[in-house]
Amino acid sequence: MADLSEKCRIGGYISVRTVLEAGTREVYGLLLDKKRIAKVKESAFHLPEKRQYAALERITAARGIPVEYVTEENFAACGGCDADGGIAAYVGNRCFSSDNEALEAPVPFTVLLDGIEDPYNFGYILRTLYAAGADWVVLPRRNFFTASEIVIRASAGASELLRVAVTDDPADFCRRASSAGRYIVSTANSKDAKNIFSVRLRPPVCLVIGGEKRGISKGVLEASDVTLKIKYARNCAFSLPAVSATSVIAFEVAQKLRLL
């Protein structure tokens, strides 16, 4: 196998298999702990793991991806840990679509992430959006896919399954989306925001979700058709964290768009 020291490394069966199947990155090679795989194959038990190894071997053989079987020590030296289960892959950067492609797609549910500031939260949010049925996710060009291993693991692979586009100017994207017929829905815990549980939404919707610290930028708010907030059961001196708020909002939007 070629020198992969400068390539992005991801670990764990779910992450690796999702990347192999999604086709969103170039895969340079698979790394397997040979002692662990031998133990699994020789055992009368470990049926789920046997199926995992068989699936990886089938996919890599079909795509001509090299597989290297290494010692436990070498696997650890390459950054492996117990959570990887003896499985890792070296991959290229995530492939993105243009924001124009996201605008041209006739879909009911687009999401723009504006100001998420933690790679773990970023991954958890992508997992939520995938489960809620979002058709496209649009990101600022500078985003947390630079921490791909964290994002893929935190999203349980959903980051690779979503259709993702990047934009150089989130506010301009919202203005163009509005001109293209998208209903721009931003989230903010402000006195002027409407209760998400009582408002009516019409597709196609572009939902904008901001981070916990900076929130949504002024330009994006100005381009929005409506601002929504979660109505709490109690008066709270705090807001929900971004991941929890996204879960509530994304599934409520999906319900209103009759995606569930």
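**Ground rules.** I am working with a predicted model, where local features need pLDDT of at least 70, side-chain atom pairs count only at pLDDT 80 or more, and totals for chains, interfaces and linings use all residues. I number residues from 1 along each chain as its sequence is written, and side-chain values use heavy atoms, with hydrogens and water left out.

**Whole chain.** I found 11 helices and 12 strands in the protein chain; these are DSSP runs numbered from the N terminus, helices being H or I of at least four residues and strands E of at least two. The C-alpha trace spans about 65 × 40 × 30 Å along its principal axes. Of the 260 residues, 48% are buried, meaning under 20% relative accessible area with a 1.4 Å probe, protein chains only.

In what order do the 4 strands of the open sheet run? I read β1-β4-β2-β3, with mixed pairing; two strands pair if DSSP finds at least two bridges between them. At the edges I noted β1 (8-11) and β3 (67-70), each pairing on one side only. The twist averages 25° from one strand to the next.

Arg-9 has Tyr-90 in β4 as its bridge partner.

**A helix across.** Helix α2 (residues 34-42) lies across β2 (27-33) and β3, running at about 65° to β2. For that angle, axes are lines fitted to C-alpha atoms, for helices over the stretch in contact (heavy atoms within 4.5 Å), and angles run from 0 to 180 degrees between N-to-C directions.

Methods: Buried < 20%, exposed > 50% of the residue type's maximum accessible area, 1.4 Å probe, protein only.
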